[in-house]
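Grab your viewer and have a go before reading on.

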Amino acid sequence: MSDAEKGGFISRVIGDKQRWRQYKARVRQLPPDYRTAVDAIERYLMRFGPMDGDSAASVLEEVADRFEQAAADGTPTREVVGDDPVEFVDALVRNYPMGGDVVRERERLISAIDHAAG
């Protein structure tokens with residue numbers, strides 16, 4: 001993969017590099033427990049978040065906002081994410097647009113099932 005292709009791939013996954021660096025700098029400033037939680041959420045989103053780079057960056061910035069506020073208020077991590085961290089992340093993701101590939105594949109799946117069901 002050429003450097004140009006790598007740059008395009010990174011932009012699709014994480015969006016603008018400067019925005020990404022700013023987000024990562026914010027996360028580094030969090031207390032260790034909060035940082036660990038944000039890193040885990042980030043890892044989950046990178047693998048399972050059905051979004052384009054810009055939407056992913058927006059979700060991660062929202063996560064950083066929430067954890068910065070929680071750290072400032074002394075709110076425990078579990079109170080931020082609730083009993084089900086997956087549902088917490090999935091609820092955040094629902095507030096942002098999905099990437100075009102995900103939308104197309106979902107429509108294709110629905111169409112195929114509708115066709116198969118008659």
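**Exercise 1.** How many salt bridges does the structure hold?

*Solution.* First, the ground rules: this is a predicted model, where local features need pLDDT of at least 70 and side-chain atom pairs count only at pLDDT 80 or more, while totals for chains, interfaces and linings use all residues. Residues are numbered from 1 along each chain as its sequence is written, and side-chain values use heavy atoms, with hydrogens and water left out. Next, the criterion: a salt bridge is a side-chain nitrogen of Lys or Arg within 4 Å of a carboxyl oxygen of Asp or Glu. The count comes to six.

**Exercise 2.** Work out which parts R26 and D65 tie together.

*Solution.* Start with the contact: R26 and D65 form a salt bridge at 2.3 Å, N to O. Now place the partners: R26 sits in helix α2 (residues 17–28) and D65 in helix α4 (residues 53–73), so the pair links parts that are 39 residues apart in sequence. Helices here are DSSP runs (H or I, at least four residues), numbered from the N terminus. Finally, widen the view: R26, D65 and E68 are linked in a salt-bridge network.

**Exercise 3.** Is E62, the partner of R66, buried or exposed?

*Solution.* The closest N and O atoms of R66 and E62 are 2.8 Å apart. Both belong to helix α4, four residues apart, or about one helical turn. Check accessibility (buried is under 20% relative accessible area, exposed over 50%, partly exposed in between; 1.4 Å probe, protein chains only). E62 has 16%, so it's buried, whereas R66, with 36%, is partly exposed.

Methods
Helices (H or I, at least four residues) and strands (E, at least two) are DSSP runs, numbered from the N terminus.
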